[in-house]
Amino acid sequence: METETFLILSKISEEKEFLKIILQKHNAKNPEMIEKMIEQGEIEEHPTYEDFLSALSYEQNIKDRKRR
């Protein structure tokens with residue numbers, strides 16, 4: 001049980017770091033801000049949209065893992 005908890009916490013920490021890197025790269029507070037900047041033409045759609053999708057995924061994974 002302790003090993004499983006440790007692995008979950010490690011994965012959460014890793015995903016938080018990846019999310020932080022993406023958000024900092026685009027000077028955004030959350031993935032939705034990245035999407036909004038793309039829509040408003042403030043930043044290029046490609047490859048930024050892939051970063052947006054990755055950030056959304058990391059954010060959701062973190063939420064899901066915390067529920068366990």
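**Helix packing in a predicted model**

Helix 1 passes helix 3 in a left-handed crossing. The contact between these two helices is built by I8, K11, I12, E15, K16, F18, L19, I22 and K25 on the side of helix 1, and by D51, S54, A55, Y58, E59, N61, I62, R65 and K66 on the side of helix 3. Sorted by class, the residues in the contact of helix 1 with helix 3 comprise 8 nonpolar, 2 polar and 8 charged ones. The structure described here is a predicted model, and the values reported below were computed from its atoms.

The axes of helix 1 and helix 3 come within 9 Å and cross at roughly 150°.

The length of helix 1 can be compared with what its number of residues predicts. Helix 1 covers residues 2-25, and at 1.5 Å a residue its 24 residues should span 34 Å; the C-alpha atoms at its ends lie 35 Å apart, which agrees with that expectation. Within helix 1, the buried residues are I8, I12, E15, L19, I22 and L23, and these buried residues pack against helix 2 and helix 3.

When residues up to four places away in sequence are not counted, E15 touches Y58, N61, I62 and R65.

The C-alpha atoms of I62 and S13 are separated by 8.6 Å, although the two residues stand 49 residues apart along the chain.

A contrasting position in helix 1 is provided by S10. S10 lies in helix 1, and at 30% relative accessibility it counts as partly exposed, since this class takes in the values between 20% and 50%. The C-alpha atoms of S10 and E42, which are 32 residues apart along the chain, are separated by 34 Å.

Helix 2 (residues 31-39) and helix 3 (residues 48-66) pack at an angle of about 160°, and their axes are 9 Å apart. That angle makes helix 2 roughly antiparallel to helix 3. Helix 2 passes helix 3 in a left-handed crossing. In this contact, P31, E32, I34, E35 and I38 of helix 2 meet T48, Y49, F52, A55, L56 and E59 of helix 3. By class, the contact of helix 2 with helix 3 consists of 7 nonpolar, 1 polar and 3 charged residues.

Y49, which belongs to the contact of helix 3 with helix 2, lies in helix 3. With a relative accessible area of 35%, Y49 is partly exposed. The C-alpha atoms of Y49 and K25, 24 residues apart along the chain, are separated by 13 Å.

Most residues other than glycine have a negative phi, and most peptide bonds are trans. N27, which follows helix 1, lies in the loop between helix 1 and helix 2, and its phi is near 55°, a positive value in a residue other than glycine. At 67% relative accessibility, N27 counts as exposed, because that class begins over 50%. The other position is P47, whose place is in the loop between helix 2 and helix 3; the peptide bond from H46 to P47 is cis, with omega near 10°.

Technical notes
Residues numbered from 1 in each chain as written. Predicted model: local features only at pLDDT ≥ 70, side-chain atom pairs only at ≥ 80, totals over all residues. Heavy atoms only, no water. Axes fitted to C-alpha atoms, helices over the stretch in contact; angles between N-to-C directions. Helix = DSSP H or I, 4+ residues; strand = E, 2+ residues; numbered from the N terminus. Parallel < 35°, antiparallel > 145°, perpendicular 65-115°, else oblique. Left-handed = near helix turned anticlockwise from the far one by under 90°. Contact = heavy atoms within 4.5 Å. Nonpolar A, V, L, I, M, F, W, Y, C, P; charged D, E, K, R; others polar. Expected span 1.5 Å × (residues − 1). Buried < 20%, exposed > 50% of the residue type's maximum accessible area, 1.4 Å probe, protein only.
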